[in-house]
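Notes below, in the order I looked things up.

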Amino acid sequence: MRIRVFETEDQLNKAAALFHGGQLQRKPESVLGLATGSTPVGVYRELVELHVRGLVSFQEAITFNLDEYAGLSKHHPQSYFTYMNQHLYRRVDLRPENIHIPNGEASDLQDECERYDRQLKNAGQIDLQILGLGHNGHIGFNEPDLTLAAGTHLVGLHEDTRKANARFFSSPGEVPALAITMGIAPILQAKTVLLLVRGEDKAAIVSRALAGPITTQCPASLLQTHPNLIVMLDTGAARELV
Ligand code: GLP
């Protein structure tokens with residue numbers, strides 16, 4: 001794995017966006033795995049900037065998002081679809097038919113997971129997967145557990161995850177209890193994984209994920225086995241790495 005530590009959030013965002021943009025320049029038809037959460041917001045902003053300056057095009061790109069809340073309308077202000085639309089989809093030249101995100105409103109959620117897996121399979125290997133990191137080591141919504149699922153699945157969100165995400169909702173009770181998440185297999189099979197982590201509050205989990213034992217109780221620790229993992233951290237998140 002290659003770890004890069006940045007002094008400022010701005011530097012991290014710019015470096016991650018350039019890395020992502022470079023992928024699109026080398027391979028315009030890249031399959032991109034995209035993440036949500038507060039961490040990649042600035043990266044998407046910089047990517048949009050590269051697009052506006054004519055340096056990056058998403059016209060041939062295919063995107064797959066990691067996850068979506070279940071039982072939340074896609075137009076709810078906190079759905080991941082709304083997030084992606086605000087920060088990326090409607091700001092770049094992605095073709096609507098090339099955008100993939102689980103449908104949390106599907107009447108049969110199990111069916112939806114299978115449909116998403118088929119779409120992933122048809123697209124082939126993900127070229128570049130962007131990841132954030134949950135405080136409990138989750139990636140996407142693959143929560144710590146005795147076992148991890150390879151494919152897309154329905155997941156009961158852990159209480160600490162719901163609490164962490166409550167800051168985006170008007171009340172903690174409003175945070176959905178269930179989500180659909182891409183499984184661990186397409187993430188680990190991605191050609192390149194770019195893990196982005198900011199803030200001292202994540203220092204302990206960064207150290208567990210990157211330097212601790214490889215265990216399903218810390219899903220991000222499985223990334224240690226990835227042959228092409230790039231980690232971009234700010235100094236706060238890197239604090240406990242020796
Ligand atoms: C959410 C998302 C993850 C994200 C994580 C961290 O629950 N499902 O994909 O990486 O939380 O979010 P943040 O960047 O806001 O700390």
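I traced an open sheet of seven strands, ordered 1-10-9-6-2-3-5, with parallel pairing. Two strands count as paired if DSSP finds at least two bridges between them. Helices (H or I, at least four residues) and strands (E, at least two) are DSSP runs, numbered from the N terminus. Strand 1 (2-6) and strand 5 (99-100) sit at the edges with a single partner strand each, so one side of each has no neighbour in the sheet.

A note on provenance: this is a predicted model, where local features need pLDDT of at least 70 and side-chain atom pairs count only at pLDDT 80 or more, while totals for chains, interfaces and linings use all residues. Residues are numbered from 1 along each chain as its sequence is written, and side-chain values use heavy atoms, with hydrogens and water left out.

I then checked strand 2 (residues 31-34) against strand 6 (residues 128-131): they pair in the parallel sense over two bridges. L32 is opposite L128 of strand 6. Helix 4 (residues 109-123) packs on the sheet and touches strand 2, strand 3 (62-65) and strand 5; contact means heavy atoms within 4.5 Å. The direction of helix 4 makes about 145° with that of strand 3. Axes are lines fitted to C-alpha atoms, for helices over the stretch in contact, and angles run from 0 to 180 degrees between N-to-C directions.

**Helix pairs**

I looked at helix 1 (residues 9-26) on helix 2 (residues 41-52): the angle is about 55° and the axes are 8 Å apart. The two are therefore oblique to each other (under 35 degrees is roughly parallel, over 145 roughly antiparallel, 65 to 115 roughly perpendicular, the rest oblique). On the helix 1 side, the contact residues are D10, N13, K14, A16, A17, L18, H20 and G21; helix 2 brings G42, V43, R45, E46, L47 and L50. I sorted that contact into six nonpolar, four polar and four charged residues. Ala, Val, Leu, Ile, Met, Phe, Trp, Tyr, Cys and Pro count as nonpolar, Asp, Glu, Lys and Arg as charged, and the others, Gly among them, as polar.

Next I took helix 2 with helix 3 (residues 80-87), whose axes come within 9 Å and cross at roughly 35°. Here V41, Y44 and V48 of helix 2 meet Y83, M84 and H87 of helix 3. That contact has five nonpolar residues, one polar and no charged.

**Whole chain**

I get eight helices and 10 strands for the protein chain.
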